[in-house]
Amino acid sequence: MPKIVDRTERRREIAGALLRIVAREGVEAVSVRSVAAEAGVSGGAVQKYFSTKEDLFRFALDMTSEFLEQRWNNLDQSGSLLDLLLRLLVEAMPLDEQRRAEVIVINAFTARAAVLPSWAEFIRTGYDELAEITAQYISKAQSAGDVRDDLAASDLADAVLALSDGFANRMLTSTDPAALLPSLETSVRTLLTPRV
């Protein structure tokens with residue numbers, strides 16, 4: 001009797017192999033052969049589950065969103081909404097191999113989106129959704145008095161996301177990424193703390 005393979009799980013294993021390669025060696029090291037070797041499968045198996053390298057990258061990008069959401073769901077929910085927002089942002093920072101790979105994959109997609117319209121739409125949709133969720137969160141925090149209310153929540157959300165992206169990128173090249181966390185906190189608190 002042939003072995004039954006969970007297609008979704010196998011796709012996740014292969015995409016996880018891609019993320020590990022990216023974290024260790026960068027996007028340039030990704031090939032069908034390198035991903036197959038990392039995943040412990042044949043090149044044909046990789047091509048069976050992903051028709052193109054682009055499909056594999058998209059799936060891996062979707063997985064990075066899932067991983068981030070899982071980390072967010074496990075966070076301590078205590079304290080003010082501003083405190084919680086800071087904890088949410090830290091979970092997106094490249095402070096370990098997994099999160100480093102996630103940021104590198106996002107950056108690789110963003111770079112390709114600059115020249116490929118189909119990728120640009122894909123990235124833009126994701127960023128728009130994240131901006132909307134962040135604006136809703138900030139609006140809730142404004143109503144609770146935890147965040148300044150003299151500026152529109154959408155403007156503050158854009159600023160927070162720009163800060164987050166900037167710090168994530170700086171951390172990628174830092175010899176001590178965690179050393180930048182106090183500056184991230186200072187920046188976000190300076191931006192969002194209610195004005196007296």
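This is a predicted model: local features need pLDDT of at least 70, side-chain atom pairs count only at pLDDT 80 or more; totals for chains, interfaces and linings use all residues.
Ala-179 sits in the loop that links helix H8 (153-173) to helix H9 (181-192).

**Overall layout**
- Taken along the principal axes, the box filled by the C-alpha atoms is roughly 70 × 35 × 35 Å.
- The protein chain has 196 residues, and 39% of them are buried.
- If you take the contacts between residues at least 6 apart in sequence, 63% of these join residues at least 24 apart.

- Ala-179 counts as partly exposed, because its relative accessibility is 46%, which falls between the 20% limit for buried and the 50% limit for exposed.
- Between Ala-179 and Leu-56 there are 33 Å from C-alpha to C-alpha, and the two are 123 residues apart along the chain.

**The nonpolar core**
- In soluble globular proteins, nonpolar side chains tend to be buried together.
- In this model, the largest nonpolar core contains 59 residues, and Leu-18, Leu-19, Val-35 and Leu-192 have the most contacts inside it.
- Leaving aside residues up to four places away in sequence, Leu-19 touches Ala-60, Met-63, Thr-64, Phe-67, Gln-98, Ala-101 and Val-105.

**Helices H4 and H6**
- H4 packs against helix H6 (residues 97-113) with the axes 10 Å apart and at an angle of about 135°.
- H4 is therefore oblique to H6, since an angle has to be over 145 degrees to count as roughly antiparallel.
- The crossing of the pair H4 and H6 is left-handed.
- From H4, the contact draws on Glu-54, Phe-57, Arg-58, Leu-61, Thr-64, Phe-67 and Arg-71, while H6 supplies Gln-98, Arg-99, Glu-102, Val-105, Ile-106, Phe-109 and Arg-112.
- By residue type, this contact of H4 with H6 comprises six nonpolar, six charged and two polar residues.

- Arg-71 is part of helix H4, which spans residues 53-73.
- Because its relative accessible area is 18%, Arg-71 is buried, the cut-off being under 20%.
- Arg-71 touches Glu-91, Gln-98, Arg-99 and Glu-102, with residues up to four places away in sequence not counted.
- Gln-98, Arg-99 and Glu-102 are also among the H6 residues that make the contact with H4.

Conventions
Residues are numbered from 1 along each chain as its sequence is written. Side-chain values use heavy atoms; hydrogens and water are left out. Helices (H or I, at least four residues) and strands (E, at least two) are DSSP runs, numbered from the N terminus. Buried means under 20% relative accessible area, exposed over 50%, partly exposed in between (1.4 Å probe, protein chains only). Contact means heavy atoms within 4.5 Å. Axes are lines fitted to C-alpha atoms, for helices over the stretch in contact, and angles run from 0 to 180 degrees between N-to-C directions. Angles under 35 degrees count as roughly parallel, over 145 as roughly antiparallel, 65 to 115 as roughly perpendicular and the rest as oblique. A crossing is left-handed if the near helix is turned anticlockwise from the far one by less than a right angle, and right-handed if clockwise. Ala, Val, Leu, Ile, Met, Phe, Trp, Tyr, Cys and Pro count as nonpolar, Asp, Glu, Lys and Arg as charged, and the others, Gly among them, as polar. A nonpolar core is a set of buried Ala, Val, Leu, Ile, Met, Phe, Trp, Tyr and Cys residues joined through side-chain atoms within 4.5 Å.
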